[in-house]
Amino acid sequence: MPHATVRQLIRQLQAVDPDRPVYLAINPDWPQAHRVGRVIQISDSDGAVYLAENGQEDVLPPEVRAQLSWADV
């Protein structure tokens, strides 16, 4: 699967309410919601953008795990 781009992420985020909180869902074996921290762009050869994790919030709701196809819903 190709890497997601900033353009693709922006396009997906434009479809949702801009005032809602945003979380990272990282690990299906430990399904926690993680807060998004800093956004950093590195100017090396690949010019990647990184979203930093800024702490855990809570367990992901069952409906989120179901949409992600993560087990034990």
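Which element gives the most residues to the nonpolar patch? The answer is helix 1, with four residues.

The structure is a predicted model, in which local features need pLDDT of at least 70 and side-chain atom pairs count only at pLDDT 80 or more, while totals for chains, interfaces and linings use all residues. Residues are numbered from 1 along each chain as its sequence is written, and side-chain values use heavy atoms, with hydrogens and water left out.

The protein has two helices and three strands, arranged from the N terminus as α-β-β-β-α. Helices (H or I, at least four residues) and strands (E, at least two) are DSSP runs numbered from the N terminus. Along the principal axes, the C-alpha atoms fill a box of roughly 40 × 25 × 25 Å. Of the 73 residues, 11% count as buried, that is, under 20% relative accessible area (1.4 Å probe, protein chains only).

Turning to the surface, the nonpolar patch consists of Val6, Leu9, Ile10, Leu13, Val16, Val22, Val39, Val49 and Leu51, with about 760 Å² of accessible area together. Helix 1 (6–13) and strand 3 (49–59) are the elements that give two or more residues to this patch. Patch residues have over 30% relative accessible area and no salt bridge, and nonpolar side chains (Val, Leu, Ile, Met, Phe, Trp, Tyr) are joined within 5 Å; a salt bridge is a side-chain nitrogen of Lys or Arg within 4 Å of a carboxyl oxygen of Asp or Glu. Accessible areas come from the Shrake-Rupley method with a 1.4 Å probe, and for residues only the protein chains shown count as cover. Leu51 is found in strand 3 and counts as partly exposed because its relative accessibility is 42%, between the limits of 20% and 50%.

Technical notes:
Patch = residues over 30% accessible without salt bridge, like charges linked within 9 Å, V, L, I, M, F, W, Y side chains within 5 Å.
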